[in-house]
Amino acid sequence: MITFDEKTKILKLDTPESSYVMGIADNNYLGHVYYGKKLNDTNLSYLMRTEENPFVPSENLREKVTFFDSFPMEYPCGGLGDYRESALLVSSGGQEGAELSYVSHEIFSGKKELKGLPATWGDNCDTVEITLEDNVLGLKAILSYTAFSDTDAIARSVKLVNEGSEPLYLKKVLSACVDMDDKDFEFLSLFGSWARERHMETVPVGHAGTYIESLRGESGHQEHPFFALTTKGCSQTNGEVYGFHFVYSGNFVGKVQKNQFGSVRAVMGIHPEHFTWKLEPGEEFAAPEVILVYSGEGLGKMTRTYHDLYRNHLIRSPWKDKKRPVLINNWEATYFEFDDEKLLSIAKEASKAGIEMLVMDDGWFGHRNSDNSSLGDWQVNENKLKGGLENLVEHVRELGMEFGIWFEPEMISPDSELYCKHPEWALQFKGRAPGLAREQLVLDFSRPEVLEYVYESVAAILRSAHISYVKWDMNRPLADAGSSYLPEDRQGEIYHRHVLGVYELQERLVREFPNLLLENCSGGGARFDPGMLYYSPQIWCSDDTDAVERLMIQEGTQLIYPLSVIGAHVSDCPNHATGRVTPFETRGIVAMAGTFGYELDITKIPQEDREQIPGQIETFKKYYPLVNAGDYYRLASYRENHIYDCYQVVSKDKKQALVTFVQVMAEPNIHSRKIYLQGLSEDTVYEVEGKRYTGNVLMHGGLLIPGLWGDYQAKLIEVLAV
Ligand code: GLA
């Protein structure tokens with residue numbers, strides 16, 4: 001619900017348990033008033049502290065600059081005296097600075113689309129659009145806030161319109177800024193590396209700013225466009241949490257800093273480095289949205305809010321609530337060494353075991369027999385697929401399986417026919433040979449003919465055979481972001497235009513092939529972000545499929561993403577990323593907290609492993625509706641205790657729950673582990689491994705899980721209301 005109190009000039013956004021409040025203050029500046037636990041009154045303008053502020057411009061024009069540096073500005077601009085982190089930097093005629101004042105607002109139910117950008121959607125929400133203006137520049141800023149009524153989330157974005165007569169250069173357009181009371185916050189973020197994505201880390205917030213960022217042209221392995229401000233001692237169940245998550249797949253920054261008056265300013269948006277957007281008179285620029293989530297009950301509630309929001313208000317794919325086919329991918333099975341016979345031999349064994357789809361990974365096109373050639377030449381290599389693609393697909397389908405295929409559409413190999421014809425299609429700076437990564441270059445997505453070529457290449461393959469699934473990969477970050485197509489004063493647009501191009505292509509793809517199951521991927525999980533979820537209902541989580549490493553990667557990923565979107569496979573041992581050997585059963589149980597599939601040569605794995613596959617698939621299918629739609633609770637973390645991991649999914653009606661327990665390290669001579677379940681109904685009686693307990697007892701007395709024999713052992717425990 002969104003209300004405007006005419007008397008107090010207070011705009012108040014309410015979700016079920018949180019309020020976000022703004023006020024129109026002196027000189028029509030839009031101020032931030034409050035964000036946190038739901039408030040029941042609008043008499044709140046005193047929280048902007050203008051009465052006690054001796055620098056208020058209406059009374060003291062001689063200190064306007066001082067006022068700017070203390071007022072809790074809702075959308076602060078740089079250049080005129082607010083020396084804290086700005087949200088907007090605009091340059092006109094070479095001079096940098098803007099001053100935005102409130103003009104009007106409009107409240108309506110529902111939410112508009114963000115043109116060309118991924119965004120949350122749905123009916124259970126209200127939106128307010130607030131128009132601010134700088135009448136010297138002729139610049140309008142339209143701030144948009146959506147308050148959801150079924151979940152404690154607020155979506156926030158900004159649109160800029162040049163209504164003046166001169167071009168404006170946008171040098172920084174962040175999507176959100178919140179000036180908050182300092183509650184002695186800590187800063188939780190997700191860091192990583194290739195094969196080690198999204199590990200959780202917490203540091204204190206101080207006067208020296210704390211920030212996360214990516215300049216890689218993608219959200220990245222190393223950082224993630226998410227942070228949370230948490231009060232000290234915050235746990236899964238206690239403490240206040242403010243989550244900030246950016247619905248975007250390119251360069252970003254998220255920053256928090258304490259200031260001289262003891263409040264903190266938190267900002268998030270497109271990274272201003274390598275960014276300048278030229279806005280001609282009459283043009284608009286839309287910045288992507290940030291999802292703010294407040295929880296007064298610890299991290300767990302924030303997690304479940306993001307899960308519900310993304311399941312109900314972000315993912316659009318018709319696959320969203322459907323069980324995805326259990327797939328087998330040939331990457332770790334064969335790498336580049338395969339032909340149609342090899343793939344069919346895998347498919348035959350796989351179909352016998354109950355696997356439902358074969359995915360042909362990298363190496364099927366051009367003359368790609370290693371990672372040093374052919375990106376851009378999306379024609380089937382008939383030396384490998386001797387009877388052609390359609391023939392292979394039909395054979396796979398005769399086995400009762402679906403067929404999926406891998407692409408890396410944003411890239412070009414110098415060793416390709418495409419590069420011979422169009423070297424200028426690769427991003428590069430004038431007079432400088434562009435740097436290679438994995439021996440490949442990035443295509444210039446600001447060129448319309450490149451987008452057209454890429455789309456038609458992918459679509460032609462999909463039109464040529466019955467293909468049910470696409471894995472869209474991206475195996476290097478951007479660099480040398482220069483375009484021989486764009487004029488000099490638009491070179492600063494390339495990183496953002498690349499992301500817009502990816503969105504445009506994926507939008508076209510899911511429109512032309514509405515039933516296609518699209519999985520995004522980037523060298524494992526380097527483009528795992530909410531932006532991609534708008535196009536694909538699942539994202540490959542990591543190239544690291546080791547069951548132990550996955551516990552930490554999946555814990556960080558599950559912190560903000562529903563299990564149904566997390567690409568997770570069982571692979572062979574010794575694991576290709578770590579060399580670790582874990583039981584096949586444990587690998588299966590860990591992968592069941594995701595989309596589930598196999599990534600191994602089923603014709604070569606030990607017989608006893610192969611025999612487990614039908615049972616694993618049956619278990620996965622049995623619990624899929626629960627895992628896909630249930631509420632997730634983190635009960636113990638191997639990352640923290642270095643011994644075991646435990647999480648639980650509870651059905652929305654609280655009648656069924658599944659506890660996953662993984663004992664990484666065996667310990668001799670210890671008591672059983674006592675695990676306190678969560679989210680059950682207090683008075684309901686549940687059956688657990690043949691014994692009966694009330695929900696109250698399981699949650700407060702605890703469930704005893706005896707130690708398991710050996711390292712890397714895992715167990716699924718069903719909790720069923722009787
Ligand atoms: C990336 C992906 C892998 C695989 C390879 C193919 O690393 O994450 O799963 O598709 O590319 O080159």
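Taken over C-alpha atoms, the centres of domain 1 and domain 2 sit 34 Å apart. Keep in mind that this is a predicted model. Domain 1 covers residues 2–313, domain 2 runs over 327–629, and there's also a domain 3 at 636–721.

## Where domain 1 meets domain 2

On the domain 1 side, 47 residues are in contact with 46 residues of domain 2. Together, domain 1 and domain 2 bury about 3,900 Å² between them. Of that buried area, 58% is on carbon and sulfur atoms.

There's polar pairing here too: 28 residue pairs are in polar contact between domain 1 and domain 2. You'll also find two salt bridges between these domains.

## Around the ligand

Which atoms of Asp361 and the ligand pair up? An N or O atom in the Asp361 side chain is 2.6 Å from an oxygen atom of the ligand. Asp362 has a polar side-chain atom that also lies 2.6 Å from a ligand oxygen. For Arg438, a polar side-chain atom lies 2.9 Å from an oxygen atom of the ligand.

How much of the ligand does the protein bury? On its own, the ligand exposes 310 Å², and the protein buries 97% of that.

Definitions and conventions:
Residues numbered from 1 in each chain as written. Predicted model: local features only at pLDDT ≥ 70, side-chain atom pairs only at ≥ 80, totals over all residues. Heavy atoms only, no water. Polar contact = N/O pair within 3.5 Å; in protein donor to acceptor, adjacent residues only side chain to side chain. Areas by Shrake-Rupley, 256 points an atom, 1.4 Å probe, with all protein chains shown as cover. Domains from an automatic or database assignment. Contact = heavy atoms within 4.5 Å. Buried area = accessible area lost by both parts, 1.4 Å probe. Salt bridge = Lys/Arg side-chain N within 4 Å of Asp/Glu carboxyl O.
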